[in-house]
Amino acid sequence: MKEDLMSGTERQRDIYRRWAPIYDPIYSRILQRAHKRLALVAGRHGGDLLEIGVGTGLGLPYYPPACRITGIDVSEDMLERAKARTARQSLPNVESLQVMDAHRLEFPADAFDVVTLPFVLTLVEAPEVVLYECARVVRPGGLILVASRISRGGPLQKRVEGVLQPLARHFGLSAAFHLSRIERWCERERLARLEEVENLDLPGFFKLASLRVVNSPPVSTESFNAQLP
């Protein structure tokens, strides 16, 4: 699995190297409403905030000044555009933008009050590992906010989406991510509880899942990663 994580990260870097020049014109309007709502919910909690998959920084201008923002992404090409946006729009609350793999966050435990994952959890190789890492770096009582294409579909929809998923991933997209996967992770790990799921658009295509961190993981990142096959 470790090798799969590494190859998956490299594949994402290659995909977003091609996407970087055209990402904003395609997605800025499509995702604007979702980014605004995500930032509003995160801002209510305030404090130290980590955005995973910051990309070109489309969502950064919407966070309130009270949030002290750290952003990470696996793509240097996307991150360069986020840095340019931060300078161009004078966003002093963006304190750091770093190249980093969400499966292995290089932050100490209890470093943040909120972690946001805008449209990224569906694309990583091991979502459960990423959620574990989020729970590790969020202080107990803090939030993990997942904005994504989250499905509640039945068996037929799951089969159709399963067929489409390999093609979607080839282009750095996602056919679906089922809420049950987050629910099972919460039940198994007992690190966070799912508090709310709301629609981010009228059709309910995008959803925001709010998870409240209730316990710190019992092992360090290194110990957890050592358990991976």
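Trainee: Which residues have the most contacts inside the largest nonpolar core?

Mentor: Ile-52, Leu-117 and Ile-144 do, in a core of 34 residues. A nonpolar core here is a set of buried Ala, Val, Leu, Ile, Met, Phe, Trp, Tyr and Cys residues joined through side-chain atoms within 4.5 Å. Buried means under 20% relative accessible area, exposed means over 50%, and partly exposed lies in between, with a 1.4 Å probe and protein chains only.

Trainee: And which elements each supply at least two residues of this core?

Mentor: Strands S1 (47–52), S4 (112–118), S5 (138–148) and S7 (207–213) do, together with helices H5 and H7 (179–189). H5 gives the largest share, six residues. Helices (H or I, at least four residues) and strands (E, at least two) are DSSP runs numbered from the N terminus.

Trainee: Where does the other core lie?

Mentor: It lies apart from the largest one and has 33 residues, among them Leu-60, Ala-82, Val-114 and Leu-143. As background, nonpolar side chains tend to be buried together in soluble globular proteins.

Trainee: Before we continue, what kind of model is this?

Mentor: It is a predicted model: local features need pLDDT of at least 70, side-chain atom pairs count only at pLDDT 80 or more, and totals for chains, interfaces and linings use all residues. Residues are numbered from 1 along each chain as its sequence is written, and side-chain values use heavy atoms, with hydrogens and water left out.

Trainee: Back to H5, then. How many of its residues are buried?

Mentor: Ten of the eleven residues in H5 (127–137) are buried, and the helix is mostly covered. Among them are Val-130, Leu-131 and Cys-134, but also Glu-133 and Arg-136.

Trainee: What is Leu-117 in contact with, leaving aside neighbours within four places in sequence?

Mentor: Leu-117 is in contact with Ile-52, Val-130, Cys-134, Ile-144, Leu-145, Val-146 and Ala-147. Contact means heavy atoms within 4.5 Å. Gly-53 is 64 residues from Leu-117 in sequence, yet their C-alpha atoms are 6.5 Å apart.

Trainee: Where does Gly-53 lie?

Mentor: Gly-53 is in the loop between S1 and strand S2 (67–73). Beyond residues up to four places away, Gly-53 touches Ile-72, Asp-73, Pro-118 and Val-120.

Trainee: A change of topic: what order do the strands take in the open sheet?

Mentor: The seven strands follow S3-S2-S1-S4-S5-S7-S6, with mixed pairing. Strand S3 (94–99) and S6 stand at the edges with a single partner strand each, so one side of each has no neighbour in the sheet. Neighbouring strands are turned by 15° against each other on average, direction ignored. Two strands pair if DSSP finds at least two bridges between them; axes are lines fitted to C-alpha atoms, for helices over the stretch in contact, and angles run from 0 to 180 degrees between N-to-C directions.

Trainee: How many bridges join S1 to S4?

Mentor: Three, and the two strands run parallel. Leu-50 has Val-115 as its bridge partner in S4. Elsewhere, H7 lies across S6 and S7, at about 160° to S6.

Trainee: Now the charges. How many salt bridges does the structure hold?

Mentor: The structure holds twelve salt bridges, each being a side-chain nitrogen of Lys or Arg within 4 Å of a carboxyl oxygen of Asp or Glu. One of them joins the side chains of Asp-48 and Arg-68, with N to O at 2.7 Å. Asp-48 is in strand S1 and Arg-68 in strand S2, so this pair ties together parts 20 residues apart in sequence.

Trainee: Is Asp-48 buried or exposed?

Mentor: Asp-48 counts as buried, at 19% relative accessibility, whereas Arg-68 is partly exposed at 36%. Asp-48 also forms a salt bridge with Arg-139, the closest N and O atoms being 3.3 Å apart. Because Asp-48 lies in strand S1 and Arg-139 in strand S5, the pair ties together parts 91 residues apart in sequence.

Trainee: What about Arg-212 and Glu-195?

Mentor: Their side chains meet in a salt bridge, 3.3 Å from N to O. Arg-212 is in strand S7 and Glu-195 in strand S6 (192–199), 17 residues apart.

Trainee: Which residues do salt bridges that share partners join into one network?

Mentor: Asp-48, Arg-68, Asp-113 and Arg-139.
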